[in-house]
Amino acid sequence: MFSLIESTLPVIACEKSDAHADIEVICLGAIPWEFLAYLSLTHNVALCRANCSACEFRQGMQCFSRTLGKLKQFHGKEAFEERVLLIDELPTDLDGLRISGPVFFGGEKRGQNVAVRTSNALSKRDYNGLIFRNMLYNLINYANAHLLDEPFSCTIDLPSPNESCFGCGICADLCPHNALSVKTDGRNNVIVSITAWKCVACGTCSTVCRRGFMEAPRSTRVSSLGLRQLAAFEGRFCMNCGRPLAPEYDTLCGLCR
């Protein structure tokens, strides 16, 4: 856990509600769970759901529900309840809304949109949707290097090749965010790796694997969102072109045959 201090909670609410929060957004369901994960690691955070039940935009509430599910998965139930406060009515005395809990970056930084202002990519509005995951990755790396005695751990969804994978690499070629890597180490060993913060669990890799050798993303406990080895095995390669050999071929791949 990060160091325990007492901190004023930044409160996030819908801009259409009557609440005058530290951060007002068009809809709570529009907030990426990665951004909330970042905020809840730098401060405990309060999410005000005032007027949400009366909102006509039902899809927003569905999105917010999924976001909370991903956030709870990331932290784990106990840490989620420590870091995230769900409130249905905004107190009139915001300065009195305080909580003791695991916090990073010190107290009294109201309005966590400072995280947005300090990011060059966000200020230029040229981010590709992964910027919050990258911020989360850098924060966890910093905490592991400078703050924690034991590595921080969290849970995210990641794909994984099964024992039948032969390293064709189509999953890596078609990954929309270049998260996957399939390489040989010079000794005919195939290494399948993933950069965790780039993986959005879209399932493209498992979909394009026509043989079903790449399993769909599932909950995985990790201590870093950086490069992670998924599999390593001795490969078989075409004697003519050097491509990885599918299990049904002996010496030549299907194209060379």
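How are α1 and α2 oriented to each other? The model in which this question is posed is predicted, so local features need pLDDT of at least 70, side-chain atom pairs count only at pLDDT 80 or more, and totals for chains, interfaces and linings use all residues. Residues are numbered from 1 along each chain as its sequence is written, and side-chain values use heavy atoms, with hydrogens and water left out.

Helices here are DSSP runs of H or I with at least four residues, numbered from the N terminus. Helix α1 covers residues 33–42 and helix α2 residues 58–75; their axes come within 9 Å and cross at roughly 45°. An axis is a line fitted to C-alpha atoms over the stretch in contact, and angles run from 0 to 180 degrees between N-to-C directions. Angles under 35 degrees count as roughly parallel, over 145 as roughly antiparallel, 65 to 115 as roughly perpendicular and the rest as oblique. α1 and α2 are therefore oblique to each other.

On the α1 side, the contact (heavy atoms within 4.5 Å) involves W33, L36, A37, S40 and L41, and on the α2 side T67, K70, L71, F74 and H75. These residues comprise six nonpolar, three polar and one charged. In this scheme Ala, Val, Leu, Ile, Met, Phe, Trp, Tyr, Cys and Pro are nonpolar, Asp, Glu, Lys and Arg are charged, and the others, Gly among them, are polar.

Helix α1 also packs against helix α6 (residues 131–146), at an angle of about 30° and with the axes 8 Å apart. α1 and α6 are therefore roughly parallel to each other, and their crossing is left-handed. Residues W33, E34, F35, A37, Y38, L41 and T42 of α1 meet F132, R133, M135, L136, L139 and I140 of α6. This contact has 10 nonpolar, one polar and two charged residues.

The largest pocket has a volume of about 450 Å³. A pocket is an open set of points on a 1 Å grid over the protein atoms alone, with protein on both sides within 12 Å along at least five of seven lines; lining residues have an atom within 4 Å of a point. Of its 20 lining residues, F166, C168, I170, R210 and R211 are the closest to the centre of the largest pocket.

Methods: Helix = DSSP H or I, 4+ residues; strand = E, 2+ residues; numbered from the N terminus. 1 Å grid on protein atoms, 1.4 Å probe; cavity = no way out; pocket = protein on both sides within 12 Å on 5 of 7 lines; lining within 4 Å. Points joined across faces, edges and corners; volume = space filled by probe spheres on them. Left-handed = near helix turned anticlockwise from the far one by under 90°.
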